[in-house]
Amino acid sequence: MESSRKHYEEIDGQVSLPYWDSTLDNNMENPENTILFSPGFLENGGRQVISGPFANWVTPIGPITRNISGEGMLFNKEHIRMIMTRCRARDITRPTALDEFNLDLIHGAPHRWVGGQMSGLNTAAHDPVFFLHHAFVDYIWEMFRNHHFFNCAVKPSLNYPEATGQHAPERPMDGLPGYVNNDGYQSFWTQNWYRYERAPTCPDCGSPYLTCDPVRDVCVPVERTIVQTDNRK
């Protein structure tokens with residue numbers, strides 16, 4: 001289709017969007033101490049963000065605030081394992097999925113874990129963490145899409161659940177002229193335009209900020225150094 005060719009021509013192969021695999025932080029004894037929430041990465045995790053590249057970032061409702069580990073929980077490996085036991089999109093999405101398989105429901109817990117703007121439906125996108133978190137949700141979706149094609153013999157493009165309104169299969173996608181919602185189940189996205197780097201695994205976790213726990217065979221972030229700029233009380 002013409003719109004497909006147009007988008008393909010506009011690709012910049014040097015651009016990437018990192019995802020936040022919060023299962024790694026969940027592997028820690030105390031995920032609150034992850035180096036991810038330190039000035040070199042996503043800044044302090046308590047109250048107003050006053051350090052790092054997003055220090056004093058202004059949003060429509062004021063500076064970014066966070067309260068990591070105040071409530072909610074991070075993704076864990078069991079969440080993903082349970083999702084990958086299902087073979088139909090309706091089995092992992094609202095309103096038909098059971099809670100233990102519901103990607104929509106599970107994805108909300110890290111929003112609350114970060115706290116601040118991230119915990120609000122209308123303010124979550126004010127925090128840059130939103131995009132890293134949702135990039136990981138997209139990665140989980142791509143794993144599921146491949147799973148129900150290769151393991152369940154279900155064609156993803158024919159697997160769109162019954163929906164109306166904004167989620168109707170033939171509704172035009174927001175921001176992507178020429179595409180409809182059901183196109184999100186197609187393979188041409190990852191075949192032509194982008195790909196996902198696989199999540200880190202032992203023994204080589206691929207980063208100086210990750211270590212391999214050989215007992216559990218999981219990658220674990222190094223702990224941050226708590227400094228005075230992290231004004232947690």
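Trainee: Where is the place of Pro95?

Mentor: Pro95 sits in the loop between helix 3 and helix 4. Helices (H or I, at least four residues) and strands (E, at least two) are DSSP runs, numbered from the N terminus. Before we go on, remember that this is a predicted model, where local features need pLDDT of at least 70, side-chain atom pairs count only at pLDDT 80 or more, and totals for chains, interfaces and linings use all residues. Residues are numbered from 1 along each chain as its sequence is written, and side-chain values use heavy atoms, with hydrogens and water left out.

Trainee: Which peptide bonds here are cis, with omega near 0° or near 5°?

Mentor: The general idea first: most residues other than glycine have a negative phi, and most peptide bonds are trans. Here, the bond from Arg94 to Pro95 is cis, with omega near 0°. The bond from Cys202 to Pro203 is also cis, with omega near 5°, and Pro203 lies in the loop between helix 6 and strand 5.

Trainee: Which residues other than glycine have a positive phi?

Mentor: Ser69 is one of them, with phi near 70°. Ser69 belongs to the loop between strand 4 (65-67) and helix 3. Asp217 has a positive phi of about 60°, and its place is the loop between strand 5 and strand 6.

Trainee: How do I read accessibility, and is Asp217 buried or exposed?

Mentor: Buried means under 20% relative accessible area, exposed over 50%, and partly exposed in between (1.4 Å probe, protein chains only). Asp217, at 53%, therefore counts as exposed. Ser69 is partly exposed, because its relative accessible area is 34%.

Trainee: And how do strand 5 and strand 6 pair?

Mentor: Two strands pair if DSSP finds at least two bridges between them. Strand 5 (residues 210-213) and strand 6 pair in the antiparallel sense over four bridges. One example of a bridge joins Thr211 to Val220 in strand 6. The hairpin has four residues between the strands, and Asp217 takes its positive phi in this hairpin.

Trainee: What does the side chain of Arg224 reach?

Mentor: The side chain of Arg224 reaches the backbone oxygen of Phe37 at 3.0 Å. Arg224 is found in the segment after strand 6 (218-221). Its relative accessibility is 8%, so Arg224 counts as buried.

Trainee: Which residues does His147 touch, beyond those up to four places away in sequence?

Mentor: Contact means heavy atoms within 4.5 Å. With residues up to four places away left out, His147 touches Met84, Thr85, Arg86, Cys87 and Cys152. His147 and Cys87 are 60 residues apart in sequence, yet 7.6 Å apart in space, C-alpha to C-alpha. His147 is in helix 5 (residues 129-150), and counts as buried because its relative accessible area is 11%.

Trainee: What about Asn182: which residues is it in contact with?

Mentor: Leaving aside its neighbours within four places in sequence, Asn182 is in contact with Ser157, Tyr160, Pro169 and Glu170. Asn182 lies in the loop between helix 5 and helix 6 (188-193), and is buried, with a relative accessible area of 15%.

Trainee: Which residues of the largest nonpolar core touch the most other members?

Mentor: A nonpolar core is a set of buried Ala, Val, Leu, Ile, Met, Phe, Trp, Tyr and Cys residues joined through side-chain atoms within 4.5 Å. The largest nonpolar core has 17 residues, of which Phe75, Ile83, Leu103 and Ile140 touch the most other members. Helix 3 (77-83), helix 4 (103-114) and helix 5 are the elements that give two or more residues to this core. Helix 5 supplies the largest share, six residues. Ile83 touches Ile92, Phe101, Leu103, Ile106, Ile140 and Phe144, not counting residues up to four places away in sequence. Another core, of 14 residues, lies apart from this one, and Leu42, Phe54, Trp113 and Val114 are among its members.

Trainee: How is a pocket found, and how much space lies in the second largest pocket?

Mentor: Rolling a probe the size of a water molecule over the atoms shows where empty space is left. On a 1 Å grid over the protein atoms alone, a pocket is an open set of points where a 1.4 Å probe fits, with protein on both sides within 12 Å along at least five of seven lines; lining residues have an atom within 4 Å of a point. Grid points are joined across faces, edges and corners, and a volume is the space filled by probe spheres set on the points. The second largest pocket holds about 370 Å³. Of its 16 lining residues, His107, Gly108, His111, Leu121 and His134 are the closest to the centre. Helix 4 gives the largest share of the lining, six residues.

Methods:
Polar contact = N/O pair within 3.5 Å; in protein donor to acceptor, adjacent residues only side chain to side chain.
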